[in-house]
Amino acid sequence: MDKINQICSKVFPLGYKISIHGDLVSGTANTSLGDVALIGTVNQAAVGVDLAFELAGKVLDIVQHSPELPIIILVDTQGQQLSRRDELLGNAGYLSHLSKCFELARDRGHRIISIIYNEAVSGGYLALGMIADQSFALSDAQIRVMALPAMSRITQIPLERLQELCKSSSIFGPGVENYVALGALENIDDAHLASLVESAISNKSTIDNRAKLGHERGGRNMAHTIIESIIKAC
Amino acid sequence: MESLSYEFGPWNILRERKNMTPIIVGVVGSGNLEILLEDAELHGKSRFFVETSVSGFANTWQAVLRDFSEQQKFSNTLITINDGGATPAVVQLRLLQAAQQWKAQYED
Amino acid sequence: MRIENTVGIRESTARQRVLAILDADTFQEYLPPSERVFSPHLKSLGMPVSFDDGVIIGEGAIGGQNIYIAAQEPGFMGGAVGEVHGAKLTGLLERAALRKPAAVVLLFDTGGVRLHEANAGLIAISEIQRAMFNARKAGVPLIVVSAGANGVYGGIGIISRCCDYIVITEEGRLSVSGPEVIESQKGVEEFDARDRALVWRTMGGKHRYLINEAQTFVKDQIQDIRNALMQYFNKPIPINLDTVMAEHQHLGERLRKYGKAEDALDIWRDLGIANPVDIPSLDFDAFMTIANQVRENG
């Protein structure tokens, strides 16, 4: 709970009001551009069917009652909930529904910004963080698909080799700076986060430019070129 | 990973058909391989490039690929292989599958 | 010449699947293997590359109608998504948004993100998702087929449910977390990954069809799959407030009715199936008779 208040007071110095229900946080905040809606998770939430459904409901409330209100997603997740029950009930359906709700909001003029303020892992990060028009993270945020030791076990590649490669490649290792290099995150700048978020709110573009950014930053040398060549082929 | 390359021929039998459609057979998985056959200006020769995840079998590759070349006599043909540790038997099978499809383009 | 195909999807390679599903001689591949667009990241990890990076994309015809198609190769790195593989899928869908084929057919067969390229794979899946939404906004229906041995898992499982339709076979699976991951993180009590019956009851085609996570259930036969796909050509489902609210209501009801179920058998019983234990062993026709009686339409 402390981290959520820290990030809110940092990003919204003009004021905010949040309520926490289980692992779900929601509320509003003031910016110099007007009010924004807040939605997200706390406690390194595991996103399963119930939480995804509740989050989706909040997004739909915003869409129905607050036209074009910018939506700031505050992300702290350990990933998708790993449980038999969530798979039985169709977690894919619930997580995709949440994405659809954000996409609907985007389509109806709501700007979508995400801020990774603690952890962002795998499927939880996909559903909550990566759906945004622009995405920010604190410098000490923990972002990953999987920790290196587990990756070493599964791929059967020695841990030392993985660690060695992480020095020269952003492609698989945990770390905020890797996601910046690949184009998924804005440049890290804790000190100016509030004003950067405000700029992002007033940005109108809804084009997915992550592959282009990844190319410009040298983190992903092939994705952007491949996408463009397929679009433009005769 | 090991990279190998070989050339065999030249073969005097030149195809009439020049612009062949590249042929791909196989899947790069454990114990499997993919083989790509293409036209190339090679003064009548067959050229092989092999990228394999299992090192130390250069002699085996050479023997298998030489046998194949002498059998098929594909001139001006580039054969590129991505190998995930296939046995010689599987390599030969895929080579034959590829050869069949290649020949089907100009044999009528 | 159409090659008579009695083998279905499950036992075929991706290339065989594409050629079998499309009308004869209509396939035009984008970025074929001869163009050598492959992963730059695998060599340093000691892994061999594939010249199509494990996914085939292009266009062709089904029943004379022009469609775009993608097929993941299950035998290459578990069909998993890396930088190049993902970009091919994103490019195909962005192109579809502009050119508007009758449908995009996505033959997924994958564990999700390719760990060797983990970050790039995850971001790629998000980019594919955005491209899916663009294609849908342009009125192009997206149809996922799950018939392969890997199933459709991970982030690809999530974004598959962002498509208009899912066609699934008995052997096919659709889920997010795999049985092995759940077992290794939460213990065998939570999920015994070696209990195949449990895996299929929880994540397999019949269950997904019964709870409407998949719209169509088919035999793994090429003609049946073609027919199932053709019914959806030029029939996009709009994403608007009405359709999303309807889905929200349906998903809410699912939680209310089945949120306390311990096993699929409980859900099937609550659906009104008299002998739920028989479901896995029922043949296609017997299963469909029961399923279409009890199945909820969402």
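This short talk covers how three chains sit together and how one of them is built.

The model is predicted, so local features need pLDDT of at least 70, side-chain atom pairs count only at pLDDT 80 or more, and totals for chains, interfaces and linings use all residues. Residues are numbered from 1 along each chain as its sequence is written, while chains are lettered from A and ligands numbered from 1 in the order in which they are written.

Start with the chains. Two residues are in contact if their C-beta atoms, placed from the backbone, lie within 7 Å. Two pairs of chains touch, and chains A and C make the most contacts. Chains A and B do not touch; 13 Å separates their nearest C-alpha atoms. Chain C gives 14 residues to its contact with chain B, and chain B gives 15 residues.

Now chain A. Buried residues make up 57% of its 234 residues. Buried means that 20 or more other C-beta atoms, placed from the backbone, lie within 10 Å of the residue's own. Along the principal axes, the C-alpha atoms fill a box of roughly 50 × 45 × 40 Å.

Last, one helix pair. Helices are DSSP runs of H or I, at least four residues, numbered from the N terminus. Helix H4 of chain A (residues 91-107) packs against helix H9 of chain C (residues 241-258) at about 155°, with axes 11 Å apart. Axes are lines fitted to C-alpha atoms over the stretch in contact, and angles run from 0 to 180 degrees between N-to-C directions. Therefore H4(A) is roughly antiparallel to H9(C); that term takes angles over 145 degrees. Residues in the contact include Tyr94(A) and His97(A) from H4(A), and Val244(C) and Leu251(C) from H9(C).

Definitions and conventions:
A residue is buried if 20 or more other C-beta atoms lie within 10 Å of its own, exposed if 12 or fewer, and partly exposed in between; C-beta atoms are placed from the backbone. Helices (H or I, at least four residues) and strands (E, at least two) are DSSP runs, numbered from the N terminus. Angles under 35 degrees count as roughly parallel, over 145 as roughly antiparallel, 65 to 115 as roughly perpendicular and the rest as oblique.
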